[in-house]
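Colleague: I've got this one open on my screen. Can we go through the pockets, then the sheets, then a couple of side chains?

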Amino acid sequence: MSLLEIRGLKVSYGYVEALHGIDMDIEEGRVTALIGSNGAGKSTTIKAISGMIRHSGSITFSGKELPSSSNKVVKAGIIQIPEGRRVFAGLSVEENLKLGAYSLDGKTIKEDLERQYELFPRLRERSSQDAGTLSGGEQQMLVIARGLMAHPKILMLDEPSLGLAPIVVNEVFRIIESIKGAGTTVLLVEQNANTSLKISDYAYVLENGHIVKEGTGSSLLSDPAIAAAYLGKRE
Ligand SMILES: Nc1ncnc2c1ncn2[C@@H]1O[C@H](COP(=O)(O)OP(=O)(O)OP(=O)(O)O)[C@@H](O)[C@H]1O
Ligand SMILES: [Mg+2]
């Protein structure tokens, strides 16, 4: 049994079906990637799991049907880092982190903050800085760290590398690897197929609301059709 099992997932916006019945398995302690171009349905998949939009089909978490309200999904330990790195500008880095806290107990919050500052030394240096003044890469790190403050069982990241300079992209992917190293299951949604396949254990390719291919990260990286369509290489 996989930690999260998605079967026949369909989502429609009005009369238009965006996901046409997809199947995915998210294995515990692994990084699973969902790659695909603009409009493929990647964010829709994450939003359906999060309970933000209505879906049909089944999603089970540790063998039980996942609740469909977003509050309950968060309580179950499935945390989403949405596209667009929304920090609370006007609040400090540390205040932003505290808003993600899992516990109300001061001691636990302190320990959790310390854990995030170890993973993201740059956030420690900027702990009292206004979050709105951080660079794009730093804001991305802050929203990931804020998600981790909630002790997620599954962390879902929606295009964390979008719009970041290559050196920062590498840093973000290195952080995702350490999140996995710490035992958290990751669902990584990305257009950056190359780097995400390198760090993922298993990956799915989504095109126009259908899963068209799946396999280990390394098998997809060496697949000529994937290389031609997603990795900027010709067959
Ligand atoms: N709120 C909405 N109302 C109507 N159609 C929508 C809505 N949100 C998404 N769609 C449509 O659903 C399809 C999938 O969109 P989705 O945002 O899931 O794609 P994506 O793979 O995340 O793309 P991107 O890489 O650009 O973020 C697209 O055709 C999109 O236009
Ligand atoms: Mg998207």
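Modeller: Five nonpolar, four polar and one charged residue make up the lining of the second largest pocket. Here Ala, Val, Leu, Ile, Met, Phe, Trp, Tyr, Cys and Pro count as nonpolar, Asp, Glu, Lys and Arg as charged, and the others, including Gly, as polar. This is a predicted model, where local features need pLDDT of at least 70, side-chain atom pairs need 80 or more, and totals for chains, interfaces and linings use all residues. Residues are numbered from 1 along each chain as written, chains are lettered from A and ligands numbered from 1 in written order, and side-chain values use heavy atoms, without hydrogens and water.

Colleague: How much space lies in the second largest pocket?

Modeller: About 230 Å³. A pocket is an open set of points on a 1 Å grid over the protein atoms alone, where a 1.4 Å probe fits, with protein on both sides within 12 Å along at least five of seven lines; lining residues have an atom within 4 Å of a point. The volume is the space filled by probe spheres set on the points, which are joined across faces, edges and corners.

Colleague: Which residues line the second largest pocket?

Modeller: Arg 115, Gln 116, Leu 119, Leu 148, His 151, Pro 152, Ser 178, Ile 179, Ala 182 and Thr 184. Helices (H or I, at least four residues) and strands (E, at least two) are DSSP runs numbered from the N terminus.

Colleague: And what volume has the largest pocket?

Modeller: About 580 Å³. Its lining has 25 residues, of which Val 74, Ile 79, Gln 80, Gly 100 and Ala 150 are the closest to the centre. By class, 13 are nonpolar, seven polar and five charged.

Colleague: Which elements each supply at least two residues of that lining?

Modeller: α2 (70-76), β6 (78-81) and α6 (136-148) do. The largest share, five residues, is from α2.

Colleague: Sheets next. What order has the sheet of four strands?

Modeller: The order is β2-β1-β4-β5, in an open sheet with antiparallel pairing. Two strands pair if DSSP finds at least two bridges between them. β2 (16-26) and β5 (64-65) each have a single partner strand, so one side of each of these edge strands is left without a neighbour in the sheet.

Colleague: How many bridges between β1 and β2?

Modeller: Eight, with β1 (residues 4-13) antiparallel to β2. Glu 5, for one, stands opposite Asp 25 in β2.

Colleague: What lies across β1, β2 and β4?

Modeller: Helix α1 (residues 42-50) does, running at about 110° to β1; β4 is residues 56-61. Axes are lines fitted to C-alpha atoms, for helices over the stretch in contact, and angles run from 0 to 180 degrees between N-to-C directions.

Colleague: What about the sheet of six strands, which order is that?

Modeller: Open again, in the order β6-β7-β8-β3-β9-β10, with mixed pairing. β6 and β10 (210-216) are at the edges with a single partner strand each, so one side of each has no neighbour in the sheet. From one strand to the next the twist averages 15°.

Colleague: Where's the parallel part?

Modeller: β3 and β9 run parallel, joined by four bridges. Thr 32 has Tyr 202 in β9 as its bridge partner.

Colleague: And how do β9 and β10 pair, parallel or antiparallel?

Modeller: Antiparallel, over six bridges, with β9 at residues 202-207. Ala 203 is bridged to Gly 215 in β10, and Val 205 to Lys 213. Their hairpin has two residues between the strands, and Asn 208 takes a positive phi near 45° there.

Colleague: Which strands does α1 lie across in this sheet?

Modeller: β3 (31-35), β6, β7 (154-158), β8 (185-190) and β9, at about 150° to β7. α7 also packs on the sheet, touching β3, β7 and β8, with its direction at about 155° to that of β8.

Colleague: Last topic, side chains in α6. Is Glu 138 buried or exposed?

Modeller: Glu 138, which lies in α6, is buried at 7% relative accessibility. Buried means under 20% relative accessible area, exposed over 50%, and partly exposed in between (1.4 Å probe, protein chains only).

Colleague: What does Glu 138 touch?

Modeller: Arg 122, Leu 123 and Arg 126, leaving out residues up to four places away in sequence. Contact means heavy atoms within 4.5 Å.

Colleague: And Arg 146, buried or exposed?

Modeller: Buried, with a relative accessible area of 16%. Beyond its neighbours within four places in sequence, Arg 146 contacts Arg 86, Val 87, Phe 88, Asn 96, Leu 97 and Gly 100. Its C-alpha atom is 9.3 Å from that of Leu 113, which is 33 residues apart along the chain.
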